[in-house]
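Look at the model shown here.

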Amino acid sequence: MNKYKETFGVDISKDVFDVHGSSSGHNQFKNDEKGFKSFLKILPNDSIVAMEATGYYHYRLAQFLYKNNVAVSVVNPLSVKRFIQMKLAKVKTDKSDAKSIYDYALANEVPLYNALTNVQAECLQLFRLMDSYLKKRTATKNKMHGEETLGIPSKFVYRSLKRDKKHLDRELEGIEARLLELVKQEQQQQLTLLQTVPGIGAKTALFLIVITDGFSKFETGAQLCSYVGITPTIRESGSSVRGRSRISKVGNKKLRNLLFLCAFNACKHNKACRELYERIVQKGKSKKLALIAVANKLLKQCFAIAKSGLPYDAEFVSILTVK
């Protein structure tokens, strides 16, 4: 149970946000400046407002409340979903979602939200734009492959697709350059430290810093691995169900792919990762599973380096990553 006198759960969408309060019950407001001010008026002192991370929609309200000295928590939607499933709730509406978020905040020690700096906000925008362009580029490459398979019946279509891909390549290069410029302004030391980990390159270090807000979002390496989605999930039940181990794909796909590629290099140059890979393969496990474990190990090493503020040292990192 939390320490606040009044707790509010907020379910936010494009046009409106629904609120459930300890005493006030259900209310609905417009998702704009006027609605934010109306909500602020009903908030008693010593209250906390909990909402789900919803991409774009929660950001403005969270920033507004934070700047008006209201305690805010932005929680992981997956955590709330699991909480609802545990309660076996069958009704799902905006009103019920606000109540569920309220119940979750009341039952758990939810983390407090810290407003983003201008640099962090721009990095977030750039990262979302990058994700959108990467999806478009993948779709364009698939179309080009389809044309090639058909023998390119229309050269006009194929040339158009090539121009589209070339344009997206340039845009992605520009976004990466701008991200690097911004991260160097606030996190140059951390960017340098992460690259001392054998297997971690500049691009992966950059993405890690942007996604984790300089590793401030997480308290343990295990939490970070779970967030990125490189925690192996075991599919077993009793004696009859035996499924292949696989990773949890909840997380950032781009970063997960980069870490998987880094794992190949780490198996050659990172002593702890190489020993882990060999140990798993010798047990008869698949090489893919061993590489997933190496990626997990790499991420925990990065977490340890970022939190300690010290360059990579094999013995020191081994002690820290045991936790």
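Q: Is Ile-152 buried, partly exposed or exposed?
A: This is a predicted model, in which local features need pLDDT of at least 70, side-chain atom pairs count only at pLDDT 80 or more, and totals for chains, interfaces and linings use all residues. Residues are numbered from 1 along each chain as its sequence is written, and side-chain values use heavy atoms, without hydrogens and water. Buried means under 20% relative accessible area, exposed over 50%, and partly exposed in between (1.4 Å probe, protein chains only). The relative accessible area of Ile-152 is 27%, so Ile-152 is partly exposed.

Q: What is the phi of Ile-152, and where is the residue found?
A: Most residues other than glycine have a negative phi. Ile-152 is not a glycine, yet its phi is positive, at about 50°. Its place is the loop between helix H5 (118–149) and helix H6 (155–194); helices here are DSSP runs of H or I with at least four residues, strands are runs of E with at least two, and both are numbered from the N terminus.

Q: Which loop holds Asp-46, and how exposed is the residue?
A: Asp-46 also is not a glycine and has a positive phi, of about 60°. The loop runs between helix H1 (33–41) and strand S4 (47–52). With 41% relative accessibility, Asp-46 counts as partly exposed.
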